[in-house]
Amino acid sequence: MSINEENITRIYLDNKELILIGTAHVSRKSAEQVKEVIDYEQPDSVCVELDEQRYQSIKDGNKWQDTDIFKVIKQKKATLLLMNMVISSFQKRMAKQMGIKPGQEMIQGIESAEETGATLVLADRNIQITFARIWGNLGTMGKVKLLMQIMLSIFSNDKISEEELEKLKSKDMLDAMLQDFTDNFPKLKKPLIDERDQYLSQKIKEAPGQKIVAVLGAAHVPGIKEQIHKEHDLNKLREQPPKSKAPKIIGWTIPVIILSIIAYTFYANPAAGTQQTISWILWNGSFSAIGAAVALGHPLAVLTAFIMAPITSLNPLIAAGWFAGIVQAYFRRPNVKDFETLSDDVSSVKGFWDNKVTRILLIIVLANIGSSLGTFIGGADVIRVFLENI
């Protein structure tokens, strides 16, 4: 008996045989191949492209029921949680089209490891560290561009055939896909692909036993083939990126400048100072309130966004969206059903707006984006009035 060697890479390193299976994360054929290879090879260890957090989410389907939405807001994780949900919704839409579970090949790897008695190795880096390093590598405009692209993906209804999905696993197509990826977000390739290639390769070759099967996204296979022959410091790859002082300096400098300009204008021309104050309040409050309203927030959540935006824009430690989100959560608190249906609801635009959990997250993000936009426009108008009255 033999197995189909397509999408399989064999590496012989010292006294070990490393068998890499390049998969598409929503391909039925990938899941079937994973089972076939592990059953045939009977490896000592099975490595999967998961970290502990994603592994637990697969094992514990009810984890969302334990989520404290107020804690999420307090810990400033609303945007991160929304990004996670949008990304998972994209995979879920494609998987639903194929009639399989998203990440089925990883689930199959876990099940096959248990069935064959192989040691299961969670070989990927913690997802929170990866997101932190991605975020740290982007400038302000890069962050705005990424958030906009992620938000727009909610409205995407792109369909792809399973034949096209299988083509993505060929090396030529993969090179083209990575090139397109790095053209759009060149700074993301290092933390998202390169560093994880290094991390995965080190974990794979350190896995116990002489025969190792690794279940990986196809995008990582070329990099792992190169990195597997080098030594990598896992502790260094786990380090959180140092926080830049620039955003904090800018965050405090803008409010000081705006307040100074308004104060001077009040001193020189009280009527103009009043005009500046009203302009600042209206631009900030209106745009933040529009953001909360677009997310279909409770009327009091929309009002809260309007009231808080002009104040929070002058303090970088707080944000209007947080207050609007807390008010929304108070009046429209998610129930168990919202958490139970969360994974299904995020697969559609209607679900994102209907589910009380994602609506709160949308209110926070959109109110904050509106407040930021209002700050720039309101600030420009404050400066305009100032220059007219010098």
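## A partly exposed phenylalanine

With a relative accessibility of 37%, F331 counts as partly exposed, a class that lies between buried (under 20% relative accessible area) and exposed (over 50%), as judged with a 1.4 Å probe and the protein chains only. The model is a predicted one, in which local features need pLDDT of at least 70 and side-chain atom pairs count only at pLDDT 80 or more, while totals for chains, interfaces and linings use all residues. Residues are numbered from 1 along each chain as its sequence is written, and side-chain values use heavy atoms, with hydrogens and water left out.

## The protein as a whole

The protein contains 20 helices and five strands; these are DSSP runs numbered from the N terminus, with helices (H or I) of at least four residues and strands (E) of at least two. Of its 390 residues, 47% are buried. Among contacts (heavy atoms within 4.5 Å) with a separation of 6 or more, 79% are between residues 24 or more positions apart.

Strand β2, residues 16-23, is largely enclosed by the rest of the structure, because eight of its eight residues are buried. In a regular strand, side chains alternate between the two faces of the sheet. Both faces of β2 are covered, with K16, L18, L20 and G22 buried on one side and E17, I19, I21 and T23 buried on the other.

Two strands are said to pair if DSSP finds at least two bridges between them. Strand β1 (residues 8-13) pairs with β2 in the antiparallel sense over six bridges, and I8 has I21 of β2 as its bridge partner. Two residues lie between the strands in this hairpin, where D14 takes a positive phi near 55°. Strand β5 (residues 211-217) runs parallel to β2 and is joined to it by seven bridges, with K211 of β5 standing opposite E17.

## Aromatic pairs

Three aromatic pairs are found in the whole structure; rings of Phe, Tyr and Trp (its six-membered ring) pair if their centres lie within 6.5 Å, and planes under 30 degrees apart count as stacked, over 60 as edge-to-face and the rest as tilted. One of them is the edge-to-face pair of Y264 and F386, at 6.0 Å centre to centre and 70° between the planes. Because Y264 lies in helix α13 (residues 246-268) and F386 in helix α20 (residues 356-388), this pair ties together parts that are 122 residues apart in sequence.

Y330 and F331 also form an edge-to-face pair, with 5.1 Å between centres and 85° between the planes. Y330 counts as exposed at 63% relative accessibility, whereas F331 is partly exposed.
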